[in-house]
2 protein chains.
Amino acid sequence: MDLSELTGTSGEWLRGTGPESDIVISSRIRLARNLANFPFVSRASTDEKTQISDEVRAGIKETARTRPLSFVDLEVLPTLDRQFLMERQLISREQAGGDGNRGVAFAKEENISLMINEEDHLRMQFMRSGLALVETWDEANTVDDALEERLTFAFHPQLGYLTACPTNVGTGLRASVMLHLPALVITKQIEKVFRALHKINLAVRGLYGEGSQASGDFYQISNQVTLGKSEMKTIQDITAVVPQIIQYERQARQALLSEGRETLQDRVARSLGILRAARSISSEETMHHLSNVRLGINLGLIDGLEIPAVNEMFIHTQPAHLQKIEGRELDVPNRNVARATYLRNRLRDKSAEN
Amino acid sequence: MDLSELTGTSGEWLRGTGPESDIVISSRIRLARNLANFPFVSRASTDEKTQISDEVRAGIKETARTRPLSFVDLEVLPTLDRQFLMERQLISREQAGGDGNRGVAFAKEENISLMINEEDHLRMQFMRSGLALVETWDEANTVDDALEERLTFAFHPQLGYLTACPTNVGTGLRASVMLHLPALVITKQIEKVFRALHKINLAVRGLYGEGSQASGDFYQISNQVTLGKSEMKTIQDITAVVPQIIQYERQARQALLSEGRETLQDRVARSLGILRAARSISSEETMHHLSNVRLGINLGLIDGLEIPAVNEMFIHTQPAHLQKIEGRELDVPNRNVARATYLRNRLRDKSAEN
């Protein structure tokens, strides 16, 4: 497929709807699976990787008849395109950077993405907009069951699914929600939330998973335990804690409004003003201002600008997206100029402050 | 007179015309004079101050028939109004803050201002837009001569005019030009210019004279020597050095354009964007951004916005001006909000970037 087609759209999971979508961007289920009769990817020969890939792809093709998936061969894909797919969250950082036979099959709506020869033979990812972990799990479970009828996954009666990294052994499940928590950051309460989450064995990461910074005030909260806890229990535990974080964030937003509406309005208006005016802007600064704008829209401080548009700007202003949109490779200074131009065009006359 | 009338206008010297007016805001001549038969102001009794004031005012009235001057009694004027006159450069910081019988007579165009019972009995100030020290001196000299026909000034055959502070003895002349030097500040060459000026006995001060900060990248350059140097020589010496500073600033502006047009455009556009968007903004930040905008207009980076309008915004966003415009006293946070509102209204749809 021609990846450039994707530059005009964004994934379904960014459409800004679904429960609690002012704070919960998306819900994600990831399942790690390995074929029983092959070594893990890190120990597989070139031939074995090809066989793994062929077998997994055949299984996917048979089960995905009702839902066409696009397959992209990552081994031959240029670096820029791999980064592009990573920015869209269709492949992991690991898979974008790796080498050898590997690929990804994903649905047009970008809510299903099946990574082949990632750290594990198969990593299945399912995404939805808003807080919808249970529904996302249902879909993941259906696809997983269908695939398991055709493929033999490495499974140990006591340990569960076997995975390349011990941290995934058991359910192979990583359930996560992406939260936008600007008010907790502004009011300096975010660390407190982190500490509470770590205590109950939940991990907090940035927009692009492990090791990535929490730019744009986005935080991904996920389970750390995959052994000795059922899939439903794992999902229920996260689903139970998210409403509390949502409530903290809502309280912080209300506190900001009631204690200094003018200050908050100023912060939001300046961020929008800078995004509409800048001639050169870094990704980090863009994320910061877009986060303020997103907060402003949700609090009714900005008119005429919609959440899905802002969600899309977060993704489209990433380095690889900018270069795909421009149709050529750009160094950092030129990317900063292209980013500013993109933002000015998107925001021109389309928004007004309240 | 009702000072509020002045809030809709600004002084003639801010009209942004005259030679080199992209860099030279204004030229100013100040003459210090004292009546021979009275002690200096600091040693004068209340009665004596009244007599000084009466005598000087009578002299002014007789000489100013062709050119009506408004007289304002500063002793009874509220603090806010005195600060307002100081922001307009019609009275000095010293006269705004002092006490006792003192006043000012000024022309509607605000290009002449005669301060009575300032540090000296009479301080005459003459201003013009652009680089025009000689012409300003001619006017000052004419007024000074006319007054001297009616008043007896303290004059010593060897020392010249006697003044309250020894630094003014001799000519009593302070000739100064107000320069806008943003490019020398950005390129960090301004200190070098200062050192060169100090070596030739010229003083550098901020927008509001002695002790004031050089906000908005405005620098007032004036003579330090009043003894043993004629008025014309003093003026010629300044007039000779200013073109060199202008040339340095122009070179710095061209260097900024040629070495990083995009960076400069970004700086200018962001400043305009912030001024158009902010909901609360300090005086210092406003000066900083207006300075960038002024530079941008002069370099053709901003369309549809004129220098006189920006010059006026520099003055109108000062604390007392804002309060006069609002018609009530405002504390700092409310001034910051009023300043942002004023700027948004002035800049709304009136400017576009190139």
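Biologist: Which residue of chain B comes closest to the rotation axis?

Modeller: B:G273, at 2.5 Å (C-alpha). This is a predicted model: local features need pLDDT of at least 70, side-chain atom pairs count only at pLDDT 80 or more, and totals for chains, interfaces and linings use all residues. Residues are numbered from 1 along each chain as its sequence is written, chains are lettered from A and ligands numbered from 1 in the order written, and side-chain values use heavy atoms, without hydrogens and water.

Biologist: What rotation superposes chain B on chain A?

Modeller: Copies are superposed by least squares on the C-alpha atoms of residues with pLDDT of at least 70 in both. Here the rotation is 180 degrees, with 0.0 Å of shift along its axis and an RMSD of 0.0 Å. That is the relation of a two-fold axis.

Biologist: How many residues does the contact take from each chain?

Modeller: Contact means heavy atoms within 4.5 Å. Chain B gives 16 residues and chain A gives 16 residues. The copies meet through the same surface, because 100% of the interface residues of chain B are also interface residues in chain A.

Biologist: How many salt bridges are counted between chain B and chain A?

Modeller: A salt bridge is a side-chain nitrogen of Lys or Arg within 4 Å of a carboxyl oxygen of Asp or Glu. The count is two; one salt bridge joins B:R270 and A:E285 (2.7 Å, N to O). Helix α7 (residues 231-277) of chain B supplies the largest share of the side that touches chain A, eight residues. Helices here are DSSP runs (H or I, at least four residues), numbered from the N terminus.

Methods
Helix = DSSP H or I, 4+ residues; strand = E, 2+ residues; numbered from the N terminus.
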